[in-house]
Amino acid sequence: MLRKEPFCPGQMLSGSLFNEPMRVETVRGGGDGTWTLGLVGTQSERFRKVTLTESDINTLTILDSAFSYDGDGRLLRLGLQAHSLRIAYEFDPYFGLSISRVDPLPHQLEAITLAGKLGDADLEERLLKDVDEKQFRAICQNALEGLASKKLNLEMLVERRARAQERRVVPETIARFIREAAEYVPLKLKIVDSLPYAFEPARTPSVLRRYERDPDWKLPTLANKYPRCSAERDTAEKNNLEWVTPGHPLFEAVRRHTIQSAHEPFSKGACFYSLQHEAPSRLDFYRARVVDGLGHVVRERLFAAEIAGSGDPVLREPGMIGDFSPAKPPEELPAVASAPEATTWLHEHAMKPFIEETRAERLAEVKRVAEHVELSLTELLQRADEEIGKASEDKEKGIPGADGRLAQAENRHAELLARRERRRQELERRRSLSLQAVERIASVLILPHPEREAPDVRRMRPTLETEDTAVRVVMEYGQTRGRRIYDVHEKNLGYDITSLDLGSGELRLIEVKGLAAATGTILLTPNEQRVAEDRRDCYWLYIVTHCATKPTLQEPVKDPARLEWHEVTKVAHYYLSVNGIRKPMQVREVEAPYGDQKP
């Protein structure tokens, strides 16, 4: 009888032999009771080969690659957020602007794009005030002329600014992550209610200090005890608090510990309930990197692919998991739990567009750099040629010291030629991109919520026809007002539409709700409620009534989180009665001047 091999690709290994959980990539049996494994550290992402004996196996905890879907769903979701925050911090060129309360001007975003990274100078709010279009164009033109010779595209820059604003990682999100993740350390936090996003941590637990020993830890050491902290920069500066945000040692240690703690639910998978699903489905989460010819990681991204019982997979936003509530696994897992991965489909619909998008951005960046390199080094070579010519003439005239100056000039010329060649080769390698480290990091089962057909819950859920009608009405309204409108309701971002005024630069993240009659109740999912709380600066609620007869758009509501929402505890959603707030739409909205929106 053949003995089952203890190792197989996809397993997770942890124990005293390793300083971090290791993922098994390759296995080769030695035939003498040993196994040579190719392992990748889940923290460091470094590959290593090790040879293990049977006695070593007894010291290891081995988590199999097959998902049982009985992991801690809350911790799995938190672990995915920890990954997302790291990716935003390391690879989002706008992140330095994202975590501030200041909306950048478009020319500042263009400067970021041209430079390839953020500058060190802070963006002051006064730059966003009293800037009319003429002044704005002058500022942009001067800035761009100093950076590159290209024609100003005002609309493109306004859209880029709006895109950065939409992607902003706000202090609310950071503060919520710290509060939730601290429970798993554990790190006691005393919330300071009198100050925004402020807390006072207890003494730093020793379990967090081990992350200082990670090879890729580049931050200062953790303090034994931090004073009062805030996730918002303005609050921290005005009140002399510690500003804790991505890039701060305490935040980074908590983030790493969250991912470390989430390895078990990542390996097991978890189950969630959904009000939106009528049948079970599976949501697989993937991570992928684009690496250039120099070995530098250019971009990293999380993907989510939903697999249902029939039909093609659907690409989802990873944040979609925020709409679901953790659940216990059923006694018998649905068939979709064992369905094969959609690897071919994923490559065609997610990975291929990802690397093509990254390649287009990298080629444009390298082209700008190459033009500068050729221009500057060619100019230096011309000067070196002139110096060689002068030194040669002086040598022929017998001027003392000419031999030395000629040798120096020739060496300088040769050095510049070698430098130009090195830069050309380096830029060529930067153009070469490949997709690497594509892996499924987690999988969850989405089950129809057992209360979804309860009369009180069903009454609050609009039909698909009502939702489609409401979205169409809001889209048409925005288009007639000349706004740039995008329907994103299928992405589960926490809002249905992005609406941008190209004249003022005002961005609206719009959640659309439809009612078949004149009154009723509207329902917010947990993700919609979180985004509404976090994005009070640009989150709007548009309600369309009479969708079954004559659709009527009511007066849009900015910052709907301030309204009196009621929690439906058994389904973890929130509802609002549409009676008192109902007011027929009047086309008389006054747009704020560019950059004058207040958070």
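**Strand pairing, nonpolar cores and aromatic pairs**

Strand 1 and strand 2 form a hairpin, with six residues between them. The model is predicted; local features need pLDDT of at least 70, side-chain atom pairs count only at pLDDT 80 or more, and totals for chains, interfaces and linings use all residues. Residues are numbered from 1 along each chain as its sequence is written, and side-chain values use heavy atoms, with hydrogens and water left out.

Strands (E, at least two residues) and helices (H or I, at least four) are DSSP runs, numbered from the N terminus. Two strands pair if DSSP finds at least two bridges between them. Strand 1 and strand 2 (residues 22-29) are antiparallel and share two bridges. Strand 1 (residues 12-15) also runs antiparallel to strand 5 (residues 60-63), through four bridges. Met 12 stands opposite Arg 23 in strand 2. Met 12 also stands opposite Leu 63 in strand 5.

A nonpolar core is a set of buried Ala, Val, Leu, Ile, Met, Phe, Trp, Tyr and Cys residues joined through side-chain atoms within 4.5 Å. Buried means under 20% relative accessible area, exposed over 50%, and partly exposed in between (1.4 Å probe, protein chains only). The largest nonpolar core has 27 residues. Phe 177, Leu 208, Val 244, Leu 250 and Phe 251 have the most contacts inside it. At least two residues of this core come from each of helix 2 (73-91), helix 7 (171-182) and helix 10 (249-261). Helix 7 gives the most, with six residues. A second, separate core has 23 residues, including Ala 327, Val 336, Leu 346 and Ile 355.

Contacts of Phe 177 (heavy atoms within 4.5 Å) were listed without residues up to four places away in sequence. Phe 177 touches Leu 78, Gln 81, Ala 82, Leu 85, Phe 251, Arg 255 and Thr 258.

Rings of Phe, Tyr and Trp (its six-membered ring) pair if their centres lie within 6.5 Å; planes under 30 degrees apart count as stacked, over 60 as edge-to-face and the rest as tilted. The count comes to five aromatic pairs. Phe 67 and Tyr 69 form a tilted pair, at 5.7 Å centre to centre and 35° between the planes. Both residues are buried. Tyr 477 and Tyr 542 are also tilted, at 6.5 Å and 55°. This pair links distant parts of the chain, 65 residues apart: Tyr 477 lies in helix 15 (residues 464-480), Tyr 542 in strand 20 (residues 539-545). Tyr 477 and Tyr 542 are both buried.
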